[in-house]
Amino acid sequence: ISTDPALISEGELLLTQRACIGCHLIGGGGGNVGPSLNGITGRRNVRFLRQKLIDPTVDNATSMMPNLGLTADEIEAILAFLATLGEEVEATGSPGR
């Protein structure tokens, strides 16, 4: 997973544009339809996360997650951002890093 700040920023922007926070907890806010994305790279391996972003039904045929039609570059950017999200969320609502 890349640690390039530009790629991390792109990933954060993509999650915002695709409204992922509507279903997933990201930092201190978001929905609870899908799993929390805080610390997700510590709970799931990168191969699985890539596959899930390519095909949301890879592990669950009835997944409510839409196929976002992401490119390989967009997936790598999202993974770079997700890797910055720790499990802990500070009182300010910012993701722990």
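At what angle do helix α3 and helix α4 pack, and how many Å apart are their axes? Helix α3 (residues 46-54) and helix α4 (residues 72-82) pack at about 130°, and their axes are 10 Å apart. Welcome to a short tour of a predicted model, in which local features need pLDDT of at least 70, side-chain atom pairs count only at pLDDT 80 or more, and totals for chains, interfaces and linings use all residues. Residues are numbered from 1 along each chain as its sequence is written, and side-chain values use heavy atoms, with hydrogens and water left out.

**Overall layout**

- The chain has 4 helices and 2 strands, where helices (H or I, at least four residues) and strands (E, at least two) are DSSP runs numbered from the N terminus.
- Starting at the N terminus, the order of the elements is α-β-β-α-α-α.
- Of the chain's 97 residues, 35% count as buried; buried means under 20% relative accessible area, exposed means over 50%, and partly exposed lies in between (1.4 Å probe, protein chains only).

**Helix packing**

- Two packed helices are described by the angle between their axes and the distance between the axes.
- The axes here are lines fitted to C-alpha atoms, for helices over the stretch in contact, with angles running from 0 to 180 degrees between N-to-C directions.
- The pair α3 and α4 is therefore oblique; angles under 35 degrees count as roughly parallel, over 145 as roughly antiparallel, 65 to 115 as roughly perpendicular, and the rest as oblique.
- The crossing of α3 and α4 is right-handed, a label for the near helix being turned clockwise from the far one by less than a right angle, with anticlockwise giving left-handed.
- Arg50 sits in helix α3 and is partly exposed, at a relative accessible area of 30%.
- Between the C-alpha atoms of Arg50 and Leu79 there are 7.9 Å in space, while 29 residues separate the two in sequence.

- Leu15 has its place in helix α1 (residues 5-17), and its relative accessibility of 7% makes Leu15 count as buried.
- Leu15 and Ile78 are 63 residues apart along the chain, yet their C-alpha atoms are separated by 7.1 Å.
- Thr84, in the segment after α4, counts as buried as well, at 16% relative accessibility.

**Cysteines**

- The disulfide count comes to 0, taking a disulfide as a pair of cysteine sulfur atoms within 2.5 Å.
- Cys20 is in no disulfide, and the nearest cysteine sulfur, that of Cys23, is 8.4 Å away.
- That separation is too far for a bond, so the sulfur of Cys23 is left without one to Cys20, its closest cysteine sulfur.
- Cys20 counts as buried at 14% relative accessibility, whereas Cys23 is partly exposed at 34%.

**Rings and a backbone detail**

- Arg44 lies over the face of Phe48, 4.1 Å from the ring centre; a charge sits over a ring if NZ of Lys or CZ of Arg is within 6 Å of the ring centre and within 35 degrees of the ring normal.
- Ala19 lies in the loop between α1 and β1 (25-26), and its phi is near 60°, a positive value in a residue other than glycine.
- Ala19 is partly exposed, with a relative accessible area of 46%.
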